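Biologist: I am new to reading structures, so please go slowly with me. Let me ask where each word comes from as we go.

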Amino acid sequence: MLSQKINVDFQHDGQPTITLGTGKLARQADGAVTVTQGNCILLATVVANKEPKEGQDFFPLSVDYQEKFASAGRIPGSFFKREARLNDYEILTSRLIDRALRPLFPEDYLCDVQVLISLVSSDPEIMPDSLACLAASAALAVSDIPIKEIISEVRIARINGAFVINPTRTQLETADMDFLIAATEKNLMMVEGESKECSEADLVKALELAHEAIKIQIKAQHELRNQVGVISKRDYKKPESDLELNEKVIAFAKQKVYDIARAGSGKNERSLAFSQVKDELMLHLGAEITDVQKKLAKKYYEDLKWEVVRNMMLEDRIRLDGRQLDQVRPLAMETEPLPSPHGSALFTRGETQSLTTVTFGTKLDELLIESAAKSVYSPFILHYNFPPFSTGEVKMMRGVGRREVGHGNLALRSLKQMMPGNEYAYTVRIVSDILESNGSSSMATVCAGSLALMDAGVPFKKHVSGVAMGLITREDGKYAILTDILGDEDHLGDMDFKVTGTRDGICGVQMDIKVDGLSMAVMMEALEQARKGRLHILDAMYECIPAHRADVKPHAPRMIKLIIDKEFIGAVIGPGGKVIQEIQRETGATINIEEVGNTGEVSIFSANQESLDKAVRWVKSITAVPNVGDVYEGPIKGIKEFGAFVEFMPGKQGLLHISEISWKRLETMDGIFKEGDMVKVKLVGLDPKTGKFKLSRKALMPKPEMKPRSGDETSGNGEEA
């Protein structure tokens, strides 16, 4: 336990100083570090058990990132008024940290490790998620928990053409590229982010600049660890091994495994064949081996499969299902497989299938996204479901897991790049149900989502597709880049690289690298191969549905958004809501009004086109500006001895003077009109002193011919006599 506080400061160009601190808080944890920038403070702690659990054969790492509402001076809005389960944003941040940290631990380290990162003080401009992985890595660095090396993570965004490291919230609002990148001093480890159709070269440039910034953060962690005095990491119990048994497994099963892998069979057939070889192996080893040796033999068999299949791909350039390295699996897709949803699509690629629906809603259906720093509403929602039958398994149906949240977020951030802007009135919800899975169901969700949006009639700009890439490497420098990876290839590979985009550029990226020494040259090659695969899928999508429907389907709700001047909001609502209630009652439409800056957004919703049109005309008439010379029709609202008051536009009245009712001189208003009569009038003027409108009815009537006065005569040709 430390007895003094130790701080290390560093800075990125143009950004506030970042301070790493340890020795003051959470001193009973194996490692505890605070990261401070501005008023933003994160506390990261890490604790590891000294011994692995008996019989444990996997590495149990848990990472949780949570934002304390008190950090921003807020009380949670839940019934219990305390932080509950992690929200989606916290889960996504936890996943980013987990994916970056997991490769740091030795493969034979099986002790439970728990990493907790808390936002304890919030700054309205500092993005805490870009500092969270730095905090977690620094906590590991000052502990004696064994890790192979130190990492860090930064956000890089392109704003007005310039790349910025860890931009502020305000800066990020105008970014056209936004990526979170984690790396060691030598190699990239994780990439996740989105862009508005950036090029592959732009992405590589962002990776290179981010890596330079990460090196600064790693240097600061080394300095902190040296000041703490961490010299060596703790010893730990290694899993049991039996080299002689491993040789027996290799001798018996190597050729059999190769033959199955080379056969190019389907997932179920291949899985059954591998299982049969394992059963034969256990019989071959005999009944005299111990339970521990049986467990080891099964592990050695899985290790053998990993090595044999990888070498087959590197040497034979053939995949498990018989494809070439850059070949996309067979595609099948259709729109409107379901008659009732507002939009739907079925997308199948090999043994992966997504059934996706689109549903329209109103402003009231927007999703509240709440964090410590702010609460915002999102009109675009995507939910991803991964039921156990999609992989032929039986599992408990519990709540949504982190995997579903992460895969859904990748699809959402990819598709939202092509969604219409704030002028679009609908709230849109996409639901992707994975019916079959053997590799990259998140990319199937992107493709199916794009098709379903087009089918629904959303003014979706361009199709977006996605493809998952894999990488197999060997120490001798040989490598193979795989397009459209299978589930088994994901497990066997050294990289899982998902890229989404249009024909014109990249919209989303998610990458995890499990191997050291990935060069930028290999990265560029993988990106180019991914681009070709993406374009191949896009061609098929455009054949399926080349553009969005011109209109929403007949059974879909109809909505339109009107932008009005702020000064008219009160007129549309009316005193006590009288006007808006009348519009809704008379038309059957639902209306929502929201003040946005100096304008008002009026969203009008109805299942009936006639009802919608009537409400739109009504609102437009209220917000329209009267023009002198235009003709209007409206009811008589009041009658005086000098004329009548006509509501020629909703909420706007003008005086129809007795002299402007008819070309005939009227002595009195008696019997001319009664209240409620509809009259057509022309706006002839505006009193500059009073602002009152002047109306005329006689201006719309033909002027009667004047009778000649007595003694007036004209010649036949019209000239005076």
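**Helices that cross**

Biologist: Why are α6 and α7 called oblique to each other?

Modeller: A quick note before the answer: this is a predicted model. The axes of helix α6 (residues 267-285) and helix α7 (residues 291-316) cross at roughly 140°. An angle of roughly 140° falls among what is left, so α6 and α7 are oblique. Their axes come within 11 Å, and the crossing is right-handed.

Biologist: Which residues make the contact of α6 with α7?

Modeller: From α6 come Phe274, Val277, Lys278, Leu281, Met282 and Leu285. They meet Lys294, Ala297, Lys298, Tyr301, Glu302 and Lys305 of α7. Sorted by class, there are 7 nonpolar and 5 charged residues, with no polar ones.

Biologist: Which residues of α1 and α2 meet?

Modeller: Tyr89, Thr93, Ile97, Ala100 and Leu101 are on the α1 side. On the α2 side are Asp129, Ala132, Cys133, Ala136, Ser137 and Leu140. That contact has 8 nonpolar, 2 polar and 1 charged residues.

Biologist: At what angle do α4 and α11 pack?

Modeller: About 145°, with 10 Å between the axes. The crossing is right-handed. Glu200, Leu203, Val204, Leu207 and Glu208 of α4 touch Met520, Met523, Met524, Leu527, Arg531 and Arg534 of α11. Here the division is 7 nonpolar, no polar and 4 charged.

**Inside and outside**

Biologist: Which residues touch the most other members of the largest nonpolar core?

Modeller: Ile181, Phe360, Val428, Phe497 and Met523, out of 94 residues in that core. Helix α9 (residues 441-456) gives the largest share, 10 residues. There is also a second, separate core of 52 residues, including Val35, Val46, Ala136 and Leu140.

Biologist: What does methionine 523 touch, leaving out residues up to four places away in sequence?

Modeller: Its partners are Leu188, Val204, Leu207, Phe497, Met511, Ile513 and Leu518.

Biologist: How do you know that histidine 211 counts as buried?

Modeller: The cut-off for buried is under 20% relative accessible area. Histidine 211 has 9%, so it counts as buried. This residue sits in helix α4 (residues 200-228). Apart from neighbours within four places in sequence, histidine 211 contacts Ala183, Thr184, Glu185, Lys186, Asn187 and Leu188.

Biologist: And what makes proline 554 exposed?

Modeller: Exposed means over 50%, and proline 554 has 73%, so it qualifies. It lies in the loop between α11 (520-544) and β22 (558-565). Its C-alpha is 26 Å from that of glutamine 581, which is 27 residues apart from it along the chain.

Biologist: Why is arginine 398 called exposed?

Modeller: Its relative accessible area is 67%, and the cut-off is over 50%, so arginine 398 counts as exposed. It is in the loop between β16 (380-385) and α8 (402-415).

**Positive phi**

Biologist: What is the phi of asparagine 160?

Modeller: About 55°, a positive value although this residue is not a glycine. Most residues other than glycine have a negative phi. Asparagine 160 is in the loop between β7 (152-159) and β8 (162-165). With 75% relative accessibility, asparagine 160 counts as exposed.

Technical notes
Residues numbered from 1 in each chain as written. Predicted model: local features only at pLDDT ≥ 70, side-chain atom pairs only at ≥ 80, totals over all residues. Heavy atoms only, no water. Core = buried A, V, L, I, M, F, W, Y, C linked by side-chain atoms within 4.5 Å. Buried < 20%, exposed > 50% of the residue type's maximum accessible area, 1.4 Å probe, protein only. Helix = DSSP H or I, 4+ residues; strand = E, 2+ residues; numbered from the N terminus. Contact = heavy atoms within 4.5 Å. Axes fitted to C-alpha atoms, helices over the stretch in contact; angles between N-to-C directions. Parallel < 35°, antiparallel > 145°, perpendicular 65-115°, else oblique. Left-handed = near helix turned anticlockwise from the far one by under 90°. Nonpolar A, V, L, I, M, F, W, Y, C, P; charged D, E, K, R; others polar.
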